[in-house]
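Visitor: I've never read a protein model before. Could you walk me through this one, a feature at a time?

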Amino acid sequence: MGEKKKNQPRQVIKYPTEKDIGFLLCTYEYRVLTLLQVRRFVELTECYSQRKKKLLIDSGYLQGYSISGGYQPPNGQVAQGKAYGITGKGITLLRKHGYELSLNADALRIPGNQLPYLLTSYDVAFSLCDVGWQFEQSRHFKARLNLNRQGVVKGLLTSPTGAKWVFFVTLA
């Protein structure tokens, strides 16, 4: 009684909702995010975001990346967990919904050793955005200034007074 059947078919998304599209859009825009970071952009409870994530993965629209290295989540959580990025199928779904996207899934892929640095930079940048700063991601900033894509710069932060700060992350 109460046991789950082993060969039960996975639930998948047949008709994407606005929240599904929002989840995929922010993972396209930022390449990879933790669930806590996704919830900054899409209004989801913790429980509902777990369910959406599972449905998006089972549908083939999202993939998970194990986080290893020096990443410390801002919520004080000890376990480093996973981050999530959009797949080619997810990009195709967004295009079918009218979004003009220039990058494919391979162009958005993050090397595993860079994941903790990128997630930490997002935590810093998003926290500063909450108090009036503006954030330009590294890929946009590097393309605009024709900088090496492999450089350590994680983005450009602009203070509420207009001062611009190029930043990078080091992990002890």
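**Reading helices, loops and cysteines**

Guide: Let's begin with helix α7: its buried residues pack against α1 (18-30), α5 (105-108), β3 (134-137), β4 (155-158) and β5 (164-167). Bear in mind that we are looking at a predicted model.

Visitor: Okay, so which residues of α7 are buried?

Guide: In α7, which covers residues 138-145, the buried ones are S138, R139, F141 and K142. Around the axis they span an arc of only 165°, so they sit on the same side of α7. There's a general idea to hold on to here: an α-helix has 3.6 residues a turn, so residues three or four places apart point the same way.

Visitor: And which residues are exposed on the other side of α7?

Guide: Over there you'll find A143 and R144, which are exposed.

Visitor: Which other helix could I try this on?

Guide: Have a go at α4, residues 88-96. Its buried residues are G90, I91, L93 and L94. Looking down the axis of α4, you'd see them fall within an arc of 155°, so they line one face of the helix. Among the elements that cover these buried residues are α1, β2 (82-86) and α5.

Visitor: How do I describe the way α1 and α4 cross?

Guide: Start with the axes: those of α1 and α4 come within 10 Å and cross at roughly 115°. The crossing of α1 past α4 is left-handed. On the α1 side, the contact is made by I21, L24, L25 and Y28, and α4 brings G90, I91, L93 and L94. By type, the residues of this contact are seven nonpolar, one polar and no charged. Notice that the residues α4 brings to the contact are also its buried ones.

Visitor: What about phi? Which sign should I expect?

Guide: Here's the general idea: most residues other than glycine have a negative phi, and most peptide bonds are trans. With that in mind, look at R31, which has a positive phi near 75° and isn't a glycine. R31 belongs to the loop between α1 and α2.

Visitor: Is R31 buried or exposed?

Guide: R31 counts as buried because its relative accessibility is 18%, and the cut-off for buried is under 20%.

Visitor: How do I read a loop residue like T34?

Guide: First place it: T34 is in the loop between α1 and α2 (35-38). Next comes accessibility, and at 9% T34 counts as buried. Then list its contacts: setting aside neighbours within four places in sequence, T34 touches I67, Y71, K82, A83 and L119.

Visitor: Nice. And Y117, where does that lie?

Guide: Y117 lies in helix α6, residues 115-129. With a relative accessibility of 26%, it counts as partly exposed. If you leave out neighbours within four places in sequence, its contacts are K154, V169, T170 and L171. The chain also brings G70 in: Y117 and G70 are 47 residues apart along the chain, yet their C-alpha atoms are separated by 8.2 Å.

Visitor: How many disulfides are there?

Guide: A disulfide is a covalent bond between the sulfur atoms of two cysteines. In this model the count is zero. As for individual cysteines, C47 counts as exposed, at 65% relative accessibility, while C129 is partly exposed, at 32%.

Visitor: Last one: what pattern does the protein chain follow?

Guide: Along the sequence it reads α-α-α-β-β-α-α-α-β-α-β-β, with seven helices and five strands. Of the 172 residues, 41% are buried. And if you take contacts between residues at least 6 apart in sequence, 59% of them join residues at least 24 apart.

Notes: Residues numbered from 1 in each chain as written. Predicted model: local features only at pLDDT ≥ 70, side-chain atom pairs only at ≥ 80, totals over all residues. Heavy atoms only, no water. Buried < 20%, exposed > 50% of the residue type's maximum accessible area, 1.4 Å probe, protein only. Helix = DSSP H or I, 4+ residues; strand = E, 2+ residues; numbered from the N terminus. Arc of directions from axis to C-beta. Contact = heavy atoms within 4.5 Å. Disulfide = S-S within 2.5 Å. Axes fitted to C-alpha atoms, helices over the stretch in contact; angles between N-to-C directions. Left-handed = near helix turned anticlockwise from the far one by under 90°. Nonpolar A, V, L, I, M, F, W, Y, C, P; charged D, E, K, R; others polar.
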